[in-house]
Amino acid sequence: MRLFVGLALPWPLKERLAMLAGGLPGARWVPTENYHLTLRFIGETPAYKAEEIDHALAALRAPAFSLTLSGIGVFEKGGRSVSLWAGVERNPQLDHLQGKVETALQRAGMPPERRRFSPHVTLARLNDSVAPAKVAGFVQAHNLFRAAPEPMTHFTLFSSRLGKEASVYTPEVEYELT
Ligand code: 2AM
């Protein structure tokens, strides 16, 4: 199964994000129910390994915290925008949790994640059909986006099935933040 560790977002926050969707012809908007914040992508995993990962995550202790989504940005690849996202206000407790998840997964035998943690919620995937000027205009127009702080009381091991239109994410296990 294809796995990742993330934060599920409460429904009001998802609805708030969904209000941003639109006005960018050619963008593939993420369905509202799919919004999440990835803490660590794991990828294709055999069942026995998934169990080890679950055990390692279940042993992790980290405090609950408050998450504030803020700002809009894009990731670029080869000089063109490939995804549009909502950012996260600087948050040492989120960084702490991400570090703990990383350590737990390495203990479970996963190779270290080389990429720097860049917390975000993907809003849309972009391709060549989306005019760069429109993307710049969208980011500019939503420059001041900021959601109300939301309590994060657990993190989640998700499985992901790649669908034709959009991926289907299933929360497999929830782990409490204390
Ligand atoms: P993204 O939203 O920035 O694309 C489930 O697929 C989650 O894992 C998504 O949030 C996605 O991040 C992330 N993800 C998918 N493939 C990845 C990869 N190869 N490396 C890191 N993260 C990945």
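This is a predicted model: local features need pLDDT of at least 70, side-chain atom pairs count only at pLDDT 80 or more; totals for chains, interfaces and linings use all residues.

Residues are numbered from 1 along each chain as its sequence is written, and side-chain values use heavy atoms, with hydrogens and water left out.

A pocket here is an open set of points on a 1 Å grid over the protein atoms alone, where a 1.4 Å probe fits, with protein on both sides within 12 Å along at least five of seven lines; lining residues have an atom within 4 Å of a point. Volume is the space filled by probe spheres set on the points, which are joined across faces, edges and corners.

The largest pocket comes out at about 890 Å³. Its lining has 26 residues, with T38, F41, F75, R115 and H120 nearest the centre. Two or more lining residues come from each of β1 (2-8), β3 (36-44), β5 (69-77), β6 (80-88) and β7 (120-125); strands are DSSP runs of E, at least two residues, numbered from the N terminus. The largest share, five residues, belongs to β3. By class, that lining has nine nonpolar, nine polar and eight charged residues, with Gly counted as polar, Tyr and Cys as nonpolar, and Asp, Glu, Lys and Arg as charged.

Around the ligand are F4, H36, T38, F41, R115, H120, T122, R125 and Y169, each with a heavy atom within 4 Å. β3 and β7 each give at least two residues to this shell.

For polar contacts, the cut-off is a pair of N or O atoms within 3.5 Å. H36 has a polar side-chain atom 2.6 Å from a ligand oxygen, and T38 also has one at 2.6 Å from an oxygen of the ligand. For R125, a side-chain N or O atom is 2.8 Å from a ligand oxygen. On its own the ligand has 470 Å² of accessible area, and the protein covers 72% of that (Shrake-Rupley, 1.4 Å probe).

The second largest pocket has a volume of about 340 Å³. Of its 18 lining residues, R28, R125, E165, A166 and S167 are closest to the centre.

Notes: Helices (H or I, at least four residues) and strands (E, at least two) are DSSP runs, numbered from the N terminus. A polar contact is a pair of N or O atoms within 3.5 Å; within protein, one must be able to donate a hydrogen and the other to accept it, and residues adjacent in sequence count only if both atoms are side-chain atoms.
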